[in-house]
Amino acid sequence: MARALDKSHQHFKKAVTKLPLGVASNFRYWGEDKTIYVDHGKGGRIWDIDGNEYIDYRLGYGPAILGYADPRIDQAVIEAMQVGGVFALATEREYTVAARISKMVPAAELVRFSNSGTEAVMAALRLARAYSGKDSYVIVEGGYHGLFDAVLWYTDVEGWDEAGGDPELVPYGEGVPRLLKRLVHQVPLNDANRLEDTLKKHGNDIGALLIEPIMGNCCGITADRQYVQDCRALCDKYGVVMIVDEVKTGFRVARGGVQELMGVKADLCTFAKAMGNGYPISVLAGREEIMRKIGNGVAHGGTYTAHAVSLAAADKTLEILDETPALETIADYGRRLQAGMSRILTQRGIVHAFSGHPALGGLFFAAEAPRNYRDWKNSDYSFYDAMAQELHELGILCEPDSREPWFLCEAHDEACLSETLEKFETAVDITMDKLGKTDARATA
Ligand code: PMP
């Protein structure tokens, strides 16, 4: 029996009279009959307004690294509410949090705060342009860097005719000035020669490379260590500022983020999501020589930057991530989750692979994980899309689109793991049935 969504449906009809698509962010609209409204979250679970309970593997696209309504963070936040908010003046705690970030991430020699990932990346790009004196930039196909015009360009892999050269770079909808396209260059991940060709041709104009070495918005497709190190060397060779966007990977895949895993130091890096366990805060950090341009020619700031509440959340969250085994616990859960899924799929003869990191993993129905966004097209994402709907019905919340990886948190416990695997098995069987796939056990 399908889960009841009557209250969400009713609320959608009301909400859409005052909010475009009935939601506060386009990505939260899943269709008139699928959009759900949340009542509350606790630990690794959320409850919708119809009372349906879900084990949540979206976690707000990553922020709830410890789990929803974590009492350690919320206590710190309650105390910080007494501070008074924002003053258009600095507080001492900014230094405390900045020093912690520098300790965890060697590339973060200096730190500035903002409120969202978008704001941090926007500031990084401005600073990179100021430092390099060059306005154009390179983005990696399948990457996502927020909702500002300069990065609202994506590679149209779905509409791509492989025989016809490179896929097209297109804006994310209307209102993005078409003339900005002149400044953007795209390259596929894991192909250093393509990057070098682009830099050879346009290096005099290119001031920045923007890269997510584990693509948090593209199924966790992962760069080779060597590729990331080649990017580092090419950026140095061509006078390009290397911006590693760690909005999703930061303080999740390792204490020092994806840079630690890849053995690289970015010139500039951006963090958000996991650093505040859900409270809005982000960071632009980087090499001192570049960061000192802030206030020395480059504008940066904002009314709500380093809000007392968000700063307290970051202070406590980072302390926990730095000083306890939280990240090891999360990664261990992820490995066991993937092993359990793999066993279920293998029994049924379903070819699959995982990508990314156990704490931020993608699942593919192909023999090997894609090496770049173009490869994603060759995996059986229709199976994933159909299975995701069944998982939702059963109370396992993953993103309906296979391009969003699964996020884990410290509060996902043994009960979550066994329930998830049990329901995953059911969802796989229903999906196979609906899509007419043969179960290997039936023919064995
Ligand atoms: N960069 C990356 C890598 C992201 O994943 C996101 C958000 N998903 C952003 C930037 C933008 O962050 P925000 O939504 O907080 O503006």
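User: How many bridges join strand β3 to β17, and do they run parallel or antiparallel?
Analyst: This is a predicted model, to begin with. Two bridges join β3 (residues 53-56) to β17, and the strands run parallel. I55 stands opposite I396 of β17 there.

User: What is the strand order in that sheet?
Analyst: The order is β1-β2-β3-β17, an open sheet of four strands with mixed pairing. β1 (38-42) and β17 (396-397) are at the edges with a single partner strand each, so one side of each has no neighbour in the sheet.

User: And how does β1 pair with β2?
Analyst: They run antiparallel, joined by four bridges, with β2 covering residues 45-48. H40 stands opposite W47 in β2. The two strands form a hairpin with two residues between them, and G43 takes a positive phi near 60° in that hairpin.

User: What about β2 and β3?
Analyst: Their pairing is antiparallel too, over three bridges. I46 is opposite Y54 in β3. This hairpin has four residues between the strands. G51, in the turn, has a positive phi of about 90°.

User: Other topic: what are the domains?
Analyst: The domain assignment gives domain 1 as 37-68 + 325-443 and domain 2 as 71-323. Their centres, taken over C-alpha atoms, are 26 Å apart.

User: How many residues are in contact across the two?
Analyst: 37 residues of domain 1 are in contact with 40 residues of domain 2.

User: How many cavities of 30 Å³ or more does the structure hold?
Analyst: One. The space in the largest cavity comes to about 90 Å³.

User: Which element gives the most to its lining?
Analyst: α10 does, with four residues. Both α10 (326-347) and β16 (360-364) supply at least two residues of the lining of the largest cavity. Among the lining residues are L337, M341, F354, L363 and W406.

User: How does the lining of the largest cavity divide by class?
Analyst: Seven residues are nonpolar, four are polar and none is charged.

User: Now the pockets. What volume does the second largest pocket have?
Analyst: The second largest pocket has a volume of about 380 Å³.

User: Which residues lie nearest its centre?
Analyst: A90, E94, R112, T305 and A306, out of 17 residues that line the second largest pocket. By class, that lining has eight nonpolar, seven polar and two charged residues.

User: Which strand gives the largest share of that lining?
Analyst: Strand β4 (residues 110-114), with three residues.

User: Where does β4 sit in its sheet, at an edge or inside?
Analyst: The sheet is an open one of seven strands, ordered β4-β14-β13-β12-β9-β5-β8, with mixed pairing. β4 is an edge strand, as is β8 (184-187), and each pairs on one side only. On average, neighbouring strands of this sheet are turned by 20° against each other, direction ignored.

User: So what is the pairing between β4 and β14?
Analyst: It is antiparallel, with five bridges joining β4 to β14 (residues 282-286). One of the facing pairs has S114 opposite S282 in β14.

User: What holds paired strands like these together, in general?
Analyst: Strands of a sheet pair through backbone hydrogen bonds, in either a parallel or an antiparallel arrangement.

Technical notes: Residues numbered from 1 in each chain as written. Predicted model: local features only at pLDDT ≥ 70, side-chain atom pairs only at ≥ 80, totals over all residues. Heavy atoms only, no water. 1 Å grid on protein atoms, 1.4 Å probe; cavity = no way out; pocket = protein on both sides within 12 Å on 5 of 7 lines; lining within 4 Å. Points joined across faces, edges and corners; volume = space filled by probe spheres on them. Nonpolar A, V, L, I, M, F, W, Y, C, P; charged D, E, K, R; others polar. Pairing = 2+ DSSP bridges. Axes fitted to C-alpha atoms, helices over the stretch in contact; angles between N-to-C directions. Domains from an automatic or database assignment. Contact = heavy atoms within 4.5 Å.
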